[in-house]
Amino acid sequence: MDKIRFMVVSGFLGAGKTTTMIALGEHMNKAYGKVGIIANDLGAQLVDTNLTQMSGCTVAEIASGCICYQMDNTVDQIRRLRDKHGAIFVMSDIPGCGVGALDHVYHTLADNNADEFILSPFTVIVDPERLRMIMPEHADINLPEELVYLLQLQLEEADLIVLNKCDLLTDDEIANYVRFLKAACPGIPLLTISALERTGISELCDFVTTHESALKNFSVRNNKEFEAAEAKLTWYNRRVFFKTNSGAKIDFNQVVDDLIEEIRLGLIERKRNVPHLKLFTTSGNGDYNKASLIGVDYDIEYAQQMLRDHKNARMIINARAVCESRPLARLIDDAFDEICDKYDLDCQVFFTECFGMADEGR
Ligand SMILES: Nc1nc2c(ncn2[C@@H]2O[C@H](COP(=O)(O)OP(=O)(O)OP(=O)(O)O)[C@@H](O)[C@H]2O)c(=O)[nH]1
Ligand SMILES: [Mg+2]
């Protein structure tokens, strides 16, 4: 049997891992061969899985924990994508606070399954806006020092660095980021793309299908600073069903917008932040809204908005916040109350979980 290629896509919260995997998946399905995507995150009810499925890519989900700690499951999922769906290339992301998959995943596969898998470059997606934190300007983007360290660790781990969101930059700015990354990460290949506008994707495809991981020795086992960075973050996942009490159709784009603004205000009041807040809202008939906020100081970004009014909608909300878990859960509850009053909505909550990485008992 031919070997199958496997690749991990890493990168900071909101850097564009999911958008890049979708862009690459769509391109490779046409230009290279069948691709499978594993959407990996902590907890259940994930916006990214829904978004990736809407793209038409073949998707498997590994929720409830990083692939690093469930290698048997990961290998099973790769084999299933190969055997059931004919995938010749599988990529998986890891949670945006993640570091260590080179050690846990790549080295394990190289040691145990070298006859079955080719390991494509361990690819780290970088958002230029976040990069400013470690550039000479030391931009203060309202995130704690511990997360600055996390970004540095992620860069160190890379076989390939991909500077994303280049559509937001001038040519001079791109050149400046490239200069910085080449000096800060010597010897690590670098590509520039816009996952959103699909530029640089064919070059990325060529690179990851013709190169292999250098399998560097890089580990964060027993790294207390890494644990301290993870401990700053709280994960919040909720799924609800909204229904207008009057039975009238309304614009759920407005509901999403107001809900995010309420959460933003709640976080600002408490001097907290949210490196990535994601909402996926759908009427169930193909019409959907996908919104992201990558910090309280930024505008809301929409990958897609609803095209029509609806009288009900299902919503998944995922927050990866720099905020303690109980106040986060409370402020999101308050935000839901506000929008239910404003739009006269009935809101049935099916699922909520909220946990800190350092919470005892997990
Ligand atoms: N302008 C621009 N925005 C982008 C690009 N790629 C991603 N985004 C936006 O950045 C936000 C985060 O993108 P995601 O793909 O969800 O990022 P992620 O790394 O998967 O996020 P997590 O899984 O939460 O860590 C979304 O609003 C995207 O639409 C890009 O190339 N250009
Ligand atoms: Mg993602």
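Here is a short tour of the structure, stop by stop.

Before you click, note that this is a predicted model, where local features need pLDDT of at least 70, side-chain atom pairs count only at pLDDT 80 or more, and totals for chains, interfaces and linings use all residues. Residues are numbered from 1 along each chain as its sequence is written, while chains are lettered from A and ligands numbered from 1 in the order in which they are written.

**Stop 1: the two domains.** Colour 4-228 as domain 1 and 233-356 as domain 2; such bounds come from an automatic or database domain assignment. Their centres, taken over C-alpha atoms, are 26 Å apart. Where they touch, domain 1 puts in 17 residues and domain 2 puts in 24 (contact means C-beta atoms, placed from the backbone, within 7 Å). On the domain 1 side of that contact you'll find 11 nonpolar, 6 polar and no charged residues. Here Ala, Val, Leu, Ile, Met, Phe, Trp, Tyr, Cys and Pro count as nonpolar, Asp, Glu, Lys and Arg as charged, and the others, Gly among them, as polar.

**Stop 2: ligand 1.** Now select ligand 1, which has 23 residues around it, the closest being Gly16, Thr18, Thr19, Gly96 and Ser292 (a residue is near if its C-beta atom, placed from the backbone, lies within 6 Å). Where does ligand 1 lie relative to domain 1 and domain 2? Both domains give residues to its shell, so ligand 1 lies between them. Helix α1 (17-31) gives the most, with 3 residues (helices are DSSP runs of H or I, at least four residues, and strands are runs of E, at least two, numbered from the N terminus).

**Stop 3: the core.** Next, pick Ile161 and Val162, the residues with the most contacts inside the largest nonpolar core, which has 105 residues. A nonpolar core is a set of buried Ala, Val, Leu, Ile, Met, Phe, Trp, Tyr and Cys residues joined through C-beta atoms within 7 Å.

**Stop 4: two loop residues.** Click lysine 165, in the loop between β7 (160-163) and α7 (171-184). Is lysine 165 buried or exposed? Lysine 165 is buried, because 22 other C-beta atoms lie within 10 Å (buried takes 20 or more, exposed 12 or fewer, partly exposed in between, with C-beta atoms placed from the backbone). Its phi is near 65°, a positive value. Finish at tyrosine 69, between β3 (58-62) and α3 (71-85), which counts as exposed because it has 12 C-beta neighbours inside 10 Å.

Terms used: Contact = placed C-beta atoms within 7 Å.
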